[in-house]
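Thank you all for making time this morning. I would like to walk you through one model, so please have a look at it before I go on.

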Amino acid sequence: MTVEVLADRGARARRDEEVDVVIVGAGPSGSVAALHLARAGISVVVLEQGEWPDYADYTGARPEHELVSTKLWHPNPNVRDNPNDYPVDTSTTDINPLMFAGVGGSATLYGAQWMHFLPSDFRVRSMDGVAEDWPFTYEDLLPYQLEIEREVGVSGLAGDPAYPPRGAYPFPALPMGSVGQRGALGMEKMGWHWWPGSNAIPSEKFGELNPCVRRGTCLTGCPEGAKSTTDRSHWPLALKAGARLVTRARVKEIETNEQGLATGVVYVDANGRDRRQRAKVVIVCANGVGTPRLLLMSGGSRTPDGLANSSGLVGKRLMMHPFASVLASYEDPLDSWRGPFGQQVYSLEFYETDESRGFVRGSKWNCMPSGGPVGVSGATGSKVYVAESGRFQDFWGANLHENVARRFGHSLIWGIVGEDLPEESNQVVLSKDLVDSDGLPAPQIVYKVNENSNRLLKFNIDRCLESVRAAGAIETLVSTPVRESGWHLIGTTVMGDDPKRSVVDQWGACHDVPNLYVMDASTFPTSGATNPTATIMAVALRNTRRMIGERRNQKVA
Amino acid sequence: MSNENAFLALADFLIPAHGKMPKFSDVCGYADVEKSLDFRVDLKPGFARGIAVDPGTGAEARLESLNKEDGEAFSAITTIAIATYYMSPRVRELIGYPGQENVPYDSKATQIYLTNGSLGHVIARGRKYRPTPGL
């Protein structure tokens, strides 16, 4: 039976049926929960506001790729302007949140950089005196990390001395390419840490995933079906196990009874009609913006400040990883349109706290190809390297040809991800005037890059410039902080043991509503400085296993 | 001035001949421009305003005016110009761009960093992480 047939069968919801679990969102965490719950014989319905991806829509292999992808596959929903997404009020934020609604979630547009958090990420308060420790440790999570890697089909090389010893990756690391080799050369000249990139892209055929062919268009959807997203890695298995998936289903409210227990959700279906899905347990996996938005929209008159919000922390402590990039051009050809795009090399040289630097916590760097001629021209598109005050003539005419000749095929980009510390003033609230295509209030982001992040980014940019120049760079361009960089949406329903200082417990259960769970990065007490998808999926698996094991003790309405 | 001539004048100012590279209108016709606009219908309103600016002034002055007074139109004109130009097979040949190509490889091939000693240097520099047992 094909996935299409299974998906169609799964979409037929039964009126007034109460299921064991309803999950909001079919992205990385929701998909993990759905697969493992269904395999345990638990009835599951997943409601996803987007649709199944159509791989024919990914333009990476076609000449118009650079023209089309900057609209159709832009990671900012406000630019994409697709009715399946909700708009975001970004008038009060330094960084735009980036996301995508659909089966596979925002990973549809991720670079597939696959990184575990480090041990110190779970002990920030104990080691560095800031923020909070996590309720569990690196060692507690590692078995789930390794299990998820096998489900996802990760390529990489074990043995990195920046991590404790671990087992082998499921697949060999992807080829490094000239870009990665040049990036590594600079690090080697400086005597700094680097390691071949680990990516959620199998280097060999794996289930529904095809081997990577280095197309280099990971960030705009993989036309090869090689980048691991859960529409290919998890959903074919989840549907076979009996999970049901309803697309174009936008959840507008989590319903509760008089005892304060969740009874299900109300969603708007593809025809604009309100429908109710009753469930014994509700799991929200709608990302660090969508999850608090839904909780704030729920609760009614009994909890006017939003559901599960007695702590007042729903929506607060938003972390988005302030990001800088350094583009470096070299005389030698680097074939810098070739993938893998996500990371050919990464560095954790400056990951841990060194107080002499003037800031706490640290950064992760990833070395990427610079892409096609339009992108590297600096003349249009994202404009990340164009100063607001720049004269347009600086990027056109003879300058255009010279910029493209110098950069195209000859350049690499180091991305610098800085750990973002939680602050209650950085938050998601409901917009008073902006609404989505169903008339529901849009989220508004209130976010300022803090002084620690500014110092962290400046230090790392200076070091990065040293590295690329040591490898022979003839031109460098810096962008910081990159406004269109809020890929990682973290912290807005923080986990912890104290109901007064956290929204959920270590298993994702809301302190106020024990049969309502959050299983996305909203629950993370701190952000680390690595790409979070690996940790998101591992935490979701850990929570799901606990839920299955404790199913007979689960309090329900 | 026709729409075609109005746009080509702007595009040739933005992308003139330089060294081995041809100017816009040497490699792209207006049919190519219309094809690009069909890929990006969202740009059509701004594009229409952009080519309607007073043709009595020179291309640079018109672009200067658009850049200051109608950023959406300026963005539409420049986006269509540069994307259409770099879609041209002749231009791609000149800059050595095959497009986002398929590059087969042997996943089991030994990578150079394993044989030239460079990764060995990283390992030799020792542990980077901070252990947390007991914390």
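Let me begin with helix 13 of chain A, residues 451-470, which in this predicted model lies across strand 9, strand 11, strand 12 and strand 15 of chain A. If you follow its direction against strand 12 of chain A, residues 411-418, you will find that the helix runs at about 155° to that strand.

The strands under discussion belong to an open sheet of 6 strands in chain A, in the order 4-10-11-12-9-15, and the pairing is antiparallel. At the edges are strand 4, residues 195-196, and strand 15, residues 475-479, each of which pairs on one side only. Strand 4 of chain A is joined to strand 10 of chain A, residues 345-347, in the antiparallel sense over 2 bridges, and there you can see Pro196(A) standing opposite Val345(A).

Now let us turn to where the two chains meet. Which chain gives how many residues to this contact? Chain A gives 67 residues, while chain B gives 55, and between them the chains bury about 5300 Å², with 63% of that on carbon and sulfur atoms.

Across this interface there are 24 residue pairs in polar contact, counting pairs with both residues at pLDDT 80 or more. On the side of chain B that touches chain A, helix 6 of chain B supplies the largest share, namely 9 residues, and by class that side has 29 nonpolar, 15 polar and 11 charged residues.

Finally, the interface has 6 salt bridges, and Lys108(B) forms a salt bridge with Glu204(A), with the closest N and O atoms 2.8 Å apart.

Methods. Residues are numbered from 1 along each chain as its sequence is written. Chains are lettered from A and ligands numbered from 1 in the order in which they are written. This is a predicted model: local features need pLDDT of at least 70, side-chain atom pairs count only at pLDDT 80 or more; totals for chains, interfaces and linings use all residues. Side-chain values use heavy atoms; hydrogens and water are left out. Contact means heavy atoms within 4.5 Å. Buried area is the accessible area (1.4 Å probe) that two parts lose on being put together, summed over both. A salt bridge is a side-chain nitrogen of Lys or Arg within 4 Å of a carboxyl oxygen of Asp or Glu. A polar contact is a pair of N or O atoms within 3.5 Å; within protein, one must be able to donate a hydrogen and the other to accept it, and residues adjacent in sequence count only if both atoms are side-chain atoms. Helices (H or I, at least four residues) and strands (E, at least two) are DSSP runs, numbered from the N terminus. Ala, Val, Leu, Ile, Met, Phe, Trp, Tyr, Cys and Pro count as nonpolar, Asp, Glu, Lys and Arg as charged, and the others, Gly among them, as polar. Two strands pair if DSSP finds at least two bridges between them. Axes are lines fitted to C-alpha atoms, for helices over the stretch in contact, and angles run from 0 to 180 degrees between N-to-C directions.
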